[in-house]
Every structure is written in structure tokens, then in C-alpha cells.
Amino acid sequence: MNRNLKAFLREDEVVEWRSAPYQISLLDADTNTPLIRRWVVTALVTLTLLTGYAARFEVNRYLVLWVLCGAGYSILSPLLEFREIRKFHRYYLTNQRAIFATRDAAYYYMNYGDIDAIKEITGLSGQTSLVMGSCLFEKAEKQLRRLARYPREDLRPDIPRNCVAGMIFYQPKDAETACTLLRSHMRAEQAAYHPVVA
């Protein structure tokens, strides 16, 4: 077990499931069209701006540099997102909480009692992602990879910074097992806090 994860676990906390993004590619069935469209539009807009500007005004190299930097960011940011997710993201379900690990050994978590809802999203590639926390549901269908990069922080002042309001396990291996385990823990937490009165 990872030494940083071992230090992050609570007393009597046991990892029951672990995974990472599985068989993801930069241009899969879900991201192929949007990414190519983004790159083409960025290139066309950049060329139009620079040629139109150069034809009418004296060339200001700082303005040209700003336009090129903006275009570079637009083109490179999906590559950086993909690399970060594939290389650094790790997902864990323990007997107490769901844990999301990112680069630099940053760990975020959601206690099972704090997860208000979960949603399985299966993309065109056939891979399933798990979305925890209804705060992410509205945008998750269209921006799944971008939202999966970082968890949604809980901004209440009394909550620890790494306890989050929502997070996404992006295309983990054996997502069905994780979803079953997650639902089981959520039902157990709900039963513990809301016992049925006979």
C-alpha cells in the first residue's frame, strides 16, 4: 500500500476497492469530436485575428504574443488534463469513505454519509465513470473529463479542506463493483442515521 495513503487512512479504516483510470485515450469516442472542433476553431480564430490585425494596424508584438498564448493554452490544456488524469489519479473505497488521490499525494474524500447521490455515466467508449455528489450532475454529462480533474470543494467553514462536496472516479477499472460497494455503504450509513421505527 502507498505510504502516503497509509498515513491518510483513519484508525480501523480498510481499503476495500482501489483503481485508476483504465484504458483512457486522449481522443476516445467521447472526446474526439469536441477536441478536434476546439483545436480547429482555435486555429481559425487565431489566424483570423492575427491576419486581420496585421492587415490594418502596425504589428504590436505584445498583442500577438497574448493571442498566441491564449491559443496555445486552448490547444494544450486538454493534453495536460488527460496526462494528469491518466498518470496521477487513484481511487479508493474504504469501509468509511471514498478517497480520491491526485498529483503531489493530495487526498480528498467524501464520507459515505455525506454523499447525497451517485450517478453512473457510461460514455460512447463504453467506459463507466462514477459521479458522487449531485452538485456535479448538471455539468457532468458534457464536461466529464474536465470536471474529473479536481473534486468539488465544500465551502462550509467547519468542513476540513480535503473533505469535498463532489468528485468523479473517471473510467476506473471494474466500475460496476465500485458502484455496488458504494451504494451498499451509502445504504448502511443511511440506515444508521435514520433507523426504521417499528
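Me: Which residue in β8 does Val131 stand opposite?
Reply: This is a predicted model, so local features need pLDDT of at least 70 and side-chain atom pairs count only at pLDDT 80 or more, while totals for chains, interfaces and linings use all residues. Residues are numbered from 1 along each chain as its sequence is written, and side-chain values use heavy atoms, with hydrogens and water left out. Helices (H or I, at least four residues) and strands (E, at least two) are DSSP runs numbered from the N terminus, and two strands pair if DSSP finds at least two bridges between them. In β8, the residue opposite Val131 is Ile168.

Me: How many bridges join β6 to β8?
Reply: Strands of a sheet pair through backbone hydrogen bonds, either parallel or antiparallel. β6 and β8 run antiparallel. The number of bridges joining β6 to β8 is three.

Me: Which strands are the edge strands of the open sheet?
Reply: The sheet has four strands, in the order β5-β6-β8-β7, with antiparallel pairing. An edge strand here pairs on one side only. That picks out β5 (118-122) and β7 (152-153).

Me: What is the bridge partner of Glu153 in β8?
Reply: β7 and β8 pair over two bridges, in the antiparallel sense. In β8, Glu153 has as its bridge partner Val164.

Me: Why does Ser129 count as buried?
Reply: Buried means under 20% relative accessible area, exposed over 50%, and partly exposed in between (1.4 Å probe, protein chains only). Ser129 is found in strand β6. Ser129 counts as buried because its relative accessibility is 1%.

Me: How far is the backbone nitrogen of Gln171 from a polar atom of the side chain of Ser129?
Reply: Gln171 lies in the loop between β8 and α6 (175-193). Contact means heavy atoms within 4.5 Å, and residues that Gln171 touches include Ser129, Thr128 and Pro21. A polar contact is a pair of N or O atoms within 3.5 Å; within protein, one must be able to donate a hydrogen and the other to accept it, and residues adjacent in sequence count only if both atoms are side-chain atoms. From the backbone nitrogen of Gln171 to a polar atom of the Ser129 side chain is 3.0 Å.

Me: Is the pair of Tyr91 and Phe100 stacked or edge-to-face?
Reply: Rings of Phe, Tyr and Trp (its six-membered ring) pair if their centres lie within 6.5 Å; planes under 30 degrees apart count as stacked, over 60 as edge-to-face and the rest as tilted. By this rule there are six aromatic pairs. Tyr91 and Phe100 have 5.8 Å centre to centre and 25° between the planes, and the pair is stacked.

Me: How many residues apart in sequence are the parts that the pair of Tyr91 and Phe169 ties together?
Reply: The ring centres of Tyr91 and Phe169 are 4.6 Å apart and the planes are at 20°, so the pair is stacked. Tyr91 lies in strand β2 (residues 90-94) and Phe169 in strand β8 (residues 164-169), so the pair ties together parts whose separation in sequence is 78 residues.

Me: What is the distance of Lys119 from the ring centre of Phe137?
Reply: A charge sits over a ring if NZ of Lys or CZ of Arg is within 6 Å of the ring centre and within 35 degrees of the ring normal. Lys119 lies over the face of Phe137, and the distance to the ring centre is 5.6 Å.

Conventions
Lists of a residue's contacts leave out its neighbours within four places in sequence.
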